[in-house]
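Reader: I'd like to learn how to read the sheets in a model like this one. Can you take me through them?

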Amino acid sequence: MKSKLKLPVMLGLVLLLLVPSLGFASPANDVSSNDDLKRFMVAFKSEKLPAGYEEMVNAAGGELTYEVGEIGVLEAVTDNPLQFIKAMNSEREVMSITPAIEVQLDLPEFEEAGELAEGTNPGVLDPDESIWESGWQWDIEQVTNEGASHEVHSGTHDVVVGVIDTGFDFDHPDLKDNIIGGPDASRTFVPGTEDSWDNQSHGTHVAGTIAGNGRMKGVAPDVGLKSYRVFNTGGAQQAWITAAIIAAADDGVDVINMSLGGTRVVGQWFYTDPETGERVRLGNNQAADVVAYKRAIDYAVKRGVTVVSSAGNSAQDMSNPSKVADWIEGNAGPEYDVRGAAWFVPASIPGVITVSAMGGGFGTEDRLAFYSNYGNGAINLGAPGGDLGPEGYDAADNFKFLVLSTVPTYMDGQSARGKELFGENGYGWKGGTSMAAPQVAGAAAAFISQVYEETGKKPTPRQVQNRLQQTAASVDSSGYSRYYGHGRVDAYQALTR
């Protein structure tokens with residue numbers, strides 16, 4: 001049964017034991033740091049950029065900053081928004097324009113997380129001992145039936161999961177053998193960066209849950225991994241994310257994991273000039289940022305990619321989109337207002353497997369994590385994402401109900417607690433729907449790998465989704481649940497039933 005929400009939802013940045021608060025991305029380039037410039041996304045009617053698109057932007061008084069030519073979308077900045085909007089609206093090739101709102105790498109805040117009691121021996125102090133065998137990984141135990149799915153099929157490098165996130169620690173001993181092509185084969189989409197090394201920890205943590213294979217184990221410990229870096233530390237432009245989706249699909253990955261997202265509008269944007277009071281529409285009712293996500297996801301699915309996304313951490317009912325909250329307009333700027341409904345993206349985009357977060361483990365019942373989004377028709381599967389234990393649980397070691405995975409070995413400040421517990425840097429706890437999505441991505445990868453090994457052909461994204469939904473473990477309903485969709489993902493049943 002769903003437990004009562006036990007903590008206030010925080011949309012701030014995570015602070016967990018060994019993982020310090022997430023920072024915001026420093027400006028990627030001079031354009032990003034100029035407060036006088038307004039940033040826009042432009043979607044064209046065609047899914048290809050029209051001839052002369054850069055000249056079109058320049059003539060409108062803008063500067064092209066990013067383009068995703070495969071889906072007919074670009075990003076531009078301007079110091080004269082009114083002129084830019086009017087000029088672009090007059091171009092018959094333009095479908096819509098929206099302000100480009102930065103995607104934040106927000107996680108729930110765990111203010112009541114305890115610490116291991118002083119002198120307590122977790123039984124894993126020797127760096128040669130297995131964290132997996134110690135029983136700390138309750139989440140992977142649930143999804144793999146105590147590791148039974150590893151024995152059935154643990155994956156191969158013929159199947160690759162593309163992780164769109166903060167990057168990887170490419171030298172992590174539990175990850176490096178599964179990272180296809182090493183750093184050179186992974187990519188960054190953050191302007192001003194040259195590689196996909198992780199300087200935050202989120203992406204490395206996600207990668208460990210999918211395919212960790214060392215002291216800790218992931219859901220599919222032998223599948224391949226590639227990194228598509230879109231965050232520096234805490235912020236990303238949506239154009240970078242959509243470009244990463246396209247690139248991963250073109251690279252032939254089999255699964256994309258996006259433990260990220262934000263709120264966007266399905267509706268109409270308006271801009272009011274602060275000097276003249278003139279109010280103009282930004283294109284038609286199809287918001288450019290939502291169009292960009294839809295086209296990118298469709299591009300990937302058509303190329304056989306199973307796309308998995310976290311549901312979001314704002315404890316909202318996704319099946320009942322209300323009028324757009326003040327948050328959206330406030331983040332766009334005081335000159336904007338919008339008419340429409342709020343969507344969580346990419347979670348609400350058709351073709352995405354959307355995952356809610358669950359707590360459990362250590363003899364406690366499955367439950368919806370207090371921060372997780374939910375909703376009839378909005379959630380496909382539930383998966384362990386971690387919380388602080390069941391309602392009423394008050395213990396110094398309640399952090400154990402979070403999700404333990406890999407973090408960069410070179411970040412002493414972010415793995416100090418892990419070093420104390422596990423004898424070395426490189427492991428730590430986090431919680432969020434960000435931690436739930438890779439459980440499903442790992443199960444999807446294991447199933448695809450098994451089918452490919454047995455038949456020589458990979459299942460379609462629809463076949464993968466159906467399989468995971470049909471074999472999910474029922475939680476609070478024998479049918480569909482508004483909290484967990486078709487149930488908690490079960491890699492063992494997906495491989496054997």
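Reader: How many bridges join β11 to β14?

Author: Strands pair if DSSP finds at least two bridges between them, and strands (E, at least two residues) and helices (H or I, at least four) are DSSP runs numbered from the N terminus. Here, 10 bridges join β11 (residues 262–272) to the antiparallel β14. Across from Arg264 you'll find Trp343 of β14. This is a predicted model, so local features need pLDDT of at least 70 and side-chain atom pairs 80 or more, while totals for chains, interfaces and linings use all residues. Numbering starts from 1 along each chain as its sequence is written, and side-chain values use heavy atoms, without hydrogens or water.

Reader: Which strands stand at the edges?

Author: The order is β12-β11-β14, an open, antiparallel sheet of 3 strands. β12 (279–281) and β14 (336–345) each have a single partner strand, so one side of each lacks a neighbour in the sheet. The twist averages 30 degrees from one strand to the next.

Reader: Where does helix α9 lie, and at what angle to β11?

Author: Contact means heavy atoms within 4.5 Å; axes are lines fitted to C-alpha atoms (for helices, over the stretch in contact), with angles from 0 to 180 degrees between N-to-C directions. Helix α9 (residues 288–302) lies across β11 and β14, at about 145 degrees to β11.

Reader: What is the order in the sheet of 4 strands?

Author: That open sheet goes β2-β3-β1-β4, with antiparallel pairing. β1 (residues 38–44) and β4 are joined by 5 bridges, and Phe44 has Val94 as its bridge partner in β4. Helix α8 (residues 238–250) lies across β1, β2 and β3, at about 30 degrees to β2.
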